[in-house]
Amino acid sequence: MLQSNLATAHSLGADLRALRKSRGLTLQDMADTLGRSVGWVSQVERDLSDPSITDLRQMADRLDVKVSTLFRRGGATPIEEEGYIVRSRTRRPIGSRTAGLVEELLSPDLTDDFEMVHSTFEPHSEITEAVTRPTQEVGYIISGRLDLIIADKRFRVEPGDSFRIRGEPFRWLNPYDVPAVAIWVIAPPVY
């Protein structure tokens with residue numbers, strides 16, 4: 001019984017529900033986007049109905065995620081690891097579609113109170129407009145250097161440094177010649 005509940009908790013439907021709720025969307029909002037009934041959307045979120053690829057594209061667009069975010073990547077995860085272990089080859093790509101930033105989900109799914117992300121900031125990349133999210137975010141720099149502008153204060157972070165952002169506007173830039181790699185934890189989840 002526990003195993004089947006665990007499998008259900010880490011499903012496409014559970015991820016869709018978590019994303020919808022994190023965006024402050026109702027079942028009705030999603031149904032209106034898709035031209036479907038609230039009941040059908042609810043069934044998808046409970047894994048009782050399967051959305052078409054067109055439905056998934058529309059859902060991903062409304063949730064502001066890539067369609068690939070909704071699928072596992074790489075090899076199959078053994079059932080005993082499902083919900084516990086994320087192998088490097090099975091990380092799911094996520095992200096804001098910003099050029100120069102590659103993000104992969106390190107958390108087993110999108111249903112926790114937080115999400116952990118592996119972020120690679122390509123050399124000479126940046127976001128030019130500040131982002132403000134209703135979250136608390138912490139990061140740890142693994143390699144490279146990254147410049148962060150948090151609430152109009154500029155910081156350079158290097159390997160071993162960590163940082164926190166509490167709902168303040170922020171931007172990032174990597175003006176350096178090597179990628180910067182960070183582990184980023186966001187609560188509540190935004191992807």
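Does Gly83 count as buried or exposed? At 19% relative accessibility, Gly83 counts as buried, where buried means under 20% relative accessible area, exposed means over 50%, and partly exposed lies in between (1.4 Å probe, protein chains only).

The model is predicted: local features need pLDDT of at least 70, side-chain atom pairs count only at pLDDT 80 or more, and totals for chains, interfaces and linings use all residues. Residues are numbered from 1 along each chain as its sequence is written, and side-chain values use heavy atoms, with hydrogens and water left out.

Gly83 lies in the loop between α5 and β1. Helices (H or I, at least four residues) and strands (E, at least two) are DSSP runs, numbered from the N terminus. The C-alpha atoms of Gly83 and Pro108 are 5.2 Å apart in space, although the two are 25 residues apart in sequence. Glu81 is found in the loop between α5 (53-63) and β1 as well. Glu81 is buried, with a relative accessible area of 14%. Its side chain makes a polar contact with the side chain of Arg87 at 2.5 Å. A polar contact is a pair of N or O atoms within 3.5 Å; within protein, one must be able to donate a hydrogen and the other to accept it, and residues adjacent in sequence count only if both atoms are side-chain atoms.

**Helix α2**

Helix α2 covers residues 12-22, and its buried residues are Gly13, Ala14, Asp15, Leu16, Leu19 and Arg20. An α-helix has 3.6 residues a turn, so residues three or four places apart point the same way. Just after α2, Gly24 takes a positive phi of about 70 degrees.

Six strands form an open sheet in the order β1-β2-β3-β10-β5-β8, with antiparallel pairing. Two strands pair if DSSP finds at least two bridges between them. β1 (92-94) and β8 (162-166) stand at the edges with a single partner strand each, so one side of each is left without a neighbour in the sheet. On average, and with direction ignored, neighbouring strands of this sheet are turned by 30 degrees against each other. Axes are lines fitted to C-alpha atoms, for helices over the stretch in contact, and angles run from 0 to 180 degrees between N-to-C directions. Within the sheet, β2 (residues 101-105) and β3 (residues 115-121) run antiparallel and are joined by five bridges. The bridge partner of Glu104 in β3 is His118.

The other open sheet has four strands in the order β4-β9-β6-β7, and its pairing is antiparallel. Its edge strands, β4 (125-126) and β7 (153-157), each pair on one side only. β4 pairs with β9 (residues 170-174) in the antiparallel sense over two bridges. Ser125 has Asn174 as its bridge partner in β9.

**Aromatic rings**

How many aromatic pairs does a search of the whole structure find? The search finds four. Rings of Phe, Tyr and Trp (its six-membered ring) pair if their centres lie within 6.5 Å; planes under 30 degrees apart count as stacked, over 60 as edge-to-face and the rest as tilted. The ring centres of Phe121 and Trp172 are 4.7 Å apart and the planes stand at 70 degrees, so the pair is edge-to-face. Phe121 in β3 and Trp172 in β9 are 51 residues apart, and the pair links distant parts of the chain. Both Phe121 and Trp172 are buried. The ring centres of Phe170 and Trp184 are 6.1 Å apart and the planes are at 40 degrees, so this pair is tilted. Phe170 is buried at 4% relative accessibility, and Trp184 is buried at 5%. One aromatic cluster is formed by Phe121, Phe163, Phe170, Trp172 and Trp184.

**Salt bridges**

The structure holds eight salt bridges. A salt bridge is a side-chain nitrogen of Lys or Arg within 4 Å of a carboxyl oxygen of Asp or Glu.

| Pair | N to O distance |
|---|---|
| Arg171 and Glu126 | 3.5 Å |
| Arg154 and Asp147 | 2.7 Å |
| Glu158 and Arg156 | 3.1 Å |

Arg171 lies in β9 and Glu126 in β4, so their pair ties together parts that are 45 residues apart in sequence. Arg154 is exposed at 52% relative accessible area, whereas Asp147 is buried at 5%.
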